[in-house]
Amino acid sequence: MKIHDIPGFPNPARIRIVLAEKGLTEQVEFVKVDLFAAEHKQQAFLAKNPTGVVPVLELDDGVFISESIAITEYLDNLDGKPVLTGTTPREKAMIHMMQKRADDQLIDAIGIYFHHATPGLGEALQAYKSPEWAHRKEWGERNLEKFKRGMAYFDSVLATQPYLAGGQFSVADITAYCALLHAAFVDVTVPASLPALAAWQARVAERPSVKNRSGQ
Ligand SMILES: N[C@@H](CCC(=O)N[C@@H](CS)C(=O)NCC(=O)O)C(=O)O
């Protein structure tokens, strides 16, 4: 298996944590994609993932799988513990629901803020964005507000249970944690008014898979 990504980025970090949780890191070859040079917007990469983002999993038979949740499901279903996407119908549904909320309210929202309301990945990427900068900036700022509302929502969830989908660590926690990593990069941190979220973040940061994931 190969993972096409770039170390240190939030969505790639999701997969690197999953690989560490599952004990699969050594089975993967990482292929670096130069996002700063817009390599992911060129034809060779778009043939692997038409949406032009990383990470992408390449299977040994040449099939490409993109979307972090799809890659996670593939790796989780290969074998091994812990199970990150649930076992029973109820667990699977709860994890899927919270994972979707973490995608929408946290990791996608902070990504939109980063790419549209800040210089993002720099000059080489500007050609691939809308020229209407003023409008994009407003959209980015609105997504920052959405991200902040998302943090407050997850704080309320974590006030009554240890992990986002209940008693067990899951892919939803990985997504939310990596969203907070991205936020910290743009100086948006968990405010003191959200203690349950802050305590959860500190606990997740101590997991060996998070501390020792490849490519930090
Ligand atoms: N929905 C995708 C999002 C992937 C994504 O946005 N990846 C970022 C890196 S963290 C990226 O490739 N950004 C490049 C760009 O938007 O130009 C997933 O779940 O994998």
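Me: How far does a polar side-chain atom of Ser68 lie from an oxygen atom of the ligand?
Reply: Happy to start there: this is a predicted model, in which local features need pLDDT of at least 70, side-chain atom pairs count only at pLDDT 80 or more, and totals for chains, interfaces and linings use all residues. Residues are numbered from 1 along each chain as its sequence is written, and side-chain values use heavy atoms, leaving out hydrogens and water. For Ser68 the distance to the ligand oxygen is 2.8 Å.

Me: Which helix gives the most residues to the shell around the ligand?
Reply: The shell holds 14 residues (a heavy atom within 4 Å of the ligand), with His40, Val53, Val54, Glu67 and Ser68 the closest. Helices here are DSSP runs (H or I, at least four residues), numbered from the N terminus. With four residues, the top contributor is helix 1.

Me: Which residue does Arg14 meet in a salt bridge?
Reply: A salt bridge puts a side-chain nitrogen of Lys or Arg within 4 Å of a carboxyl oxygen of Asp or Glu, and by this rule there are seven. At 3.2 Å, N to O, Arg14 meets Asp103. Arg14 lies in helix 1 and its partner in helix 4 (residues 89-117), so parts 89 residues apart in sequence are tied together by Arg14 and Asp103.

Conventions: A polar contact is a pair of N or O atoms within 3.5 Å; within protein, one must be able to donate a hydrogen and the other to accept it, and residues adjacent in sequence count only if both atoms are side-chain atoms. Helices (H or I, at least four residues) and strands (E, at least two) are DSSP runs, numbered from the N terminus.
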